[in-house]
Amino acid sequence: MAQGDITIRIKSGGTGTIGKTAINSETGKTETQTANIPQVNASNIVKLATARSTISYVKNLVVDSAEYAINRNFQLTDDYIGKRNVSIALNIVHRSTQLGMSIATGFMIGGPVGAVAMGSLNIASQGLGVFKAIDQQNIKLAQLDEQLGFTRERAGYSLTDGSVGRNL
């Protein structure tokens with residue numbers, strides 16, 4: 001068996017911070033340039049959060065102003081059909097945006113499987129919301145029908161018994 005020295009040399013390089021340590025592997029000394037990386041990342045996160053908050057605030061301000069102007073115009077012109085159509089269009093855009101964001105978030109977290117899962121959950125959630133709205137509408141219509149029947153009976157209108165004036 002031959003004897004010899006084996007030297008392993010690890011070179012550091014690149015501009016990224018992934019895999020770097022605060023100690024230089026060649027010299028064994030602490031590098032001041034990479035020692036502040038957590039603080040730099042923390043300040044970047046704060047700046048990013050502040051920027052997102054500002055963008056969200058400005059977006060909400062613009063959307064609220066536009067909705068106010070549109071609704072004001074519909075009130076002044078008494079255009080309830082146009083108001084309904086705009087409301088339906090905004091609802092469709094909002095639901096589509098929610099679905100797209102759910103799919104994108106699912107894709108970022110779990111790849112294609114996550115995208116399909118989050119998209120399916122979002123569609124199920126929206127379907128449940130539609131079911132609840134239709135159910136509440138049917139309950140309200142049944143209440144109004146009963147109230148109308150009671151009012152007609154008290155006023156003496158007959159719906160089923162001809163001129164006798166009672167409902168059976």
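I began with Asp78, which lies in the loop between helix 2 and helix 3; helices here are DSSP runs (H or I, at least four residues), strands are E runs of at least two, and both are numbered from the N terminus. This is a predicted model, in which local features need pLDDT of at least 70 and side-chain atom pairs count only at pLDDT 80 or more, while totals for chains, interfaces and linings use all residues. I number residues from 1 along each chain as its sequence is written, and side-chain values use heavy atoms, with hydrogens and water left out.

**Asp78, continued**

I looked up the backbone and found that phi of Asp78 is near 55°, a positive value in a residue other than glycine. Most residues other than glycine have a negative phi. Asp78 is exposed, with a relative accessible area of 63%, where exposed means over 50%, buried under 20% and partly exposed in between (1.4 Å probe, protein chains only).

**Whole chain**

I then read the protein chain from end to end and noted three helices and zero strands, in the order α-α-α. Of the 168 residues, 8% are buried. The accessible surface comes to about 14,600 Å², and 60% of that belongs to carbon and sulfur atoms; the areas come from the Shrake-Rupley method with a 1.4 Å probe, and for residues only the protein chains shown count as cover. Among contacts (heavy atoms within 4.5 Å) with a separation of 6 or more, 12% join residues 24 or more positions apart.

**Confidence**

I checked pLDDT, the predictor's confidence in each residue from 0 to 100, and the chain averages 80, with 71% of the residues scoring at least 70. Confidence is lowest in helix 1 (residues 32-35), at a mean of 49, and highest in helix 3, at 91. Where pLDDT is low, the predicted coordinates should not be read in detail.

**Helix 3**

I next went to Ser102, in helix 3 (residues 80-155), and found that Ser102 is buried, with a relative accessible area of 14%. Leaving out residues up to four places away in sequence, Ser102 touches Met118 and Asn122. Asn122 also has its place in helix 3 and is buried, at a relative accessible area of 11%; with the exclusion of residues up to four places away, Asn122 touches Gln98, Leu99 and Ser102.

I also looked at Gly82, which is found in helix 3 and counts as buried at 14% relative accessibility. The C-alpha atoms of Gly82 and Ile70, twelve residues apart along the chain, are separated by 9.8 Å.

**Second largest pocket**

I listed the lining of the second largest pocket as Lys59, Asn60, Val63, Asp64, Glu67, Leu90, Val93, His94, Thr97 and Gln98. The elements giving two or more residues to this lining are helix 2 (37-77) and helix 3. A pocket is an open set of points on a 1 Å grid over the protein atoms alone, where a 1.4 Å probe fits, with protein on both sides within 12 Å along at least five of seven lines, and lining residues have an atom within 4 Å of a point. By class, I noted three nonpolar, four polar and three charged residues in the lining, with Asp, Glu, Lys and Arg counted as charged, Ala, Val, Leu, Ile, Met, Phe, Trp, Tyr, Cys and Pro as nonpolar, and the others, Gly among them, as polar.
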